[in-house]
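Have the structure open while you read.

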Amino acid sequence: MARKTTAVSKGQEAPPTDAEPVVLPPEALRYLDFVRVEKRLAARTHTLYTLDLEKLVQFAAVVKQPLLELQNVHIRRFVAQMHSAGRSGRGIALILSGWRGFFAWAARQGLVQHNPVQDVRAPKAPKPLPKALGVDDAVRLAEFDQPGADPWLEARDAAIVELLYGCGLRVGELVGLDVIASSTARNEGRGWLDLQAGEAHVFGKGSKRRSVPMGAPAITAVQVWLEQRAQPFGGASSPRLDAALFIGRRGVRLSAQSVWLRLRERSQLAGLTTPVHPHMLRHSFASHLLQSSSNLRAVQELLGHANITTTQVYTRLDFQHLAQVYDAAHPRAKRKSGD
């Protein structure tokens, strides 16, 4: 029975297919034995290495080159073909990693003089836009009050939401806050609040400190929490009480994971359709501030970004929001069906 072929334009190479089993050359089989025995790879990982080498052998057959004679230009051509066929940048990067390992081994064995994959990189995958809440949902979460809830937990969780959304803090910065400033906090990389000045002093990425203004709702929420904070432990001077601003039932600093879980639960109780995580409130802080002010440099400073290109993603998010408003409201935004 004749094998089915795919029509290829003149001068165009046919992409490799998986229609027939691939016969790996001896050097590829030796390498696979090496990684299985010497590196003790898991069976699944060994299978993936095998599949990646089979792809490489198929590509080599298309350009009529022995495996060990492939050059940098061939590898780049293979990457372009995989990319145009729809393979993701991450998937291509994983394949290149496998090929790079094979040629590095071959070079150590004296089978090749150089690694043709060494300086080849996969296409960059587009970064997804950060997910932010709409203004109404963010305000609903910030103003949410659960009747009949434990007042200690309610005060703490309300203050957490206000600082995450009202100040744009990272969750690590939030749980790293102490009640008051101290030399110990400074030396150990912790932050603190100055309620009188209305500022949060945080210790962020890259061991950089910054001060973030606190709005009136955040100050009030923290004051309410501070009135509740020490009560289960016999007062603020209790030895059971940690210096942390946000503590758990045992009086020790709250973990980032606990904040994630509490925020997720609180957002569901508030009736939000999307489970909220701490970084979503940071994204919301930045997006809503940029929508109102258009001051990208100020948003960069408030977020503590070292490079403004990191902050510029919120201009894309802001444009996306504007485009949605336009599509929903402008009579010329959408053409009628059938036009």
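**Aromatic pairs and helix packing**

The aromatic pairs in this predicted model number 12, counting rings of Phe, Tyr and Trp (its six-membered ring) whose centres lie within 6.5 Å, with planes under 30 degrees apart called stacked, over 60 edge-to-face and the rest tilted. Since the model is predicted, local features need pLDDT of at least 70 and side-chain atom pairs count only at pLDDT 80 or more, while totals for chains, interfaces and linings use all residues. Residues are numbered from 1 along each chain as its sequence is written, and side-chain values use heavy atoms, with hydrogens and water left out.

**Two aromatic pairs to look at**

- Tyr31 and Phe102 pair up edge-to-face, at 5.5 Å centre to centre with 75 degrees between the planes.
- Tyr31 sits in helix H1 (residues 26-37) and Phe102 in helix H4 (residues 89-108), so this pair ties together parts that are 71 residues apart in sequence; helices here are DSSP runs (H or I, at least four residues), as are strands (E, at least two), numbered from the N terminus.
- Tyr31 and Phe102 are both buried, meaning under 20% relative accessible area, where exposed is over 50% and partly exposed is in between (1.4 Å probe, protein chains only).
- Phe59 and Phe78 make a stacked pair, 4.5 Å centre to centre and 15 degrees between the planes.
- With Phe59 in helix H2 (residues 43-62) and Phe78 in helix H3 (residues 72-84), that pair ties together parts 19 residues apart in sequence.
- Phe59 is buried at a relative accessible area of 5%, and Phe78 is buried at 1%.

**An aromatic cluster**

- Tyr31 and Phe102 turn up again in one aromatic cluster, together with Phe34, Tyr49, Phe103 and Trp105.

**How H3 meets H4**

- H3 and H4 pack at about 155 degrees with their axes 11 Å apart; axes are lines fitted to C-alpha atoms, for helices over the stretch in contact, and angles run from 0 to 180 degrees between N-to-C directions.
- The two helices, H3 and H4, are therefore roughly antiparallel (angles over 145 degrees; under 35 is roughly parallel, 65 to 115 roughly perpendicular and the rest oblique).
- On the H3 side the contact uses Ile75, Phe78, Val79, Met82 and His83, and on the H4 side Ile92, Ile95, Leu96 and Trp99, with contact meaning heavy atoms within 4.5 Å.

**The whole chain**

- The chain has 14 helices and 4 strands.
- Of its 339 residues, 39% are buried.
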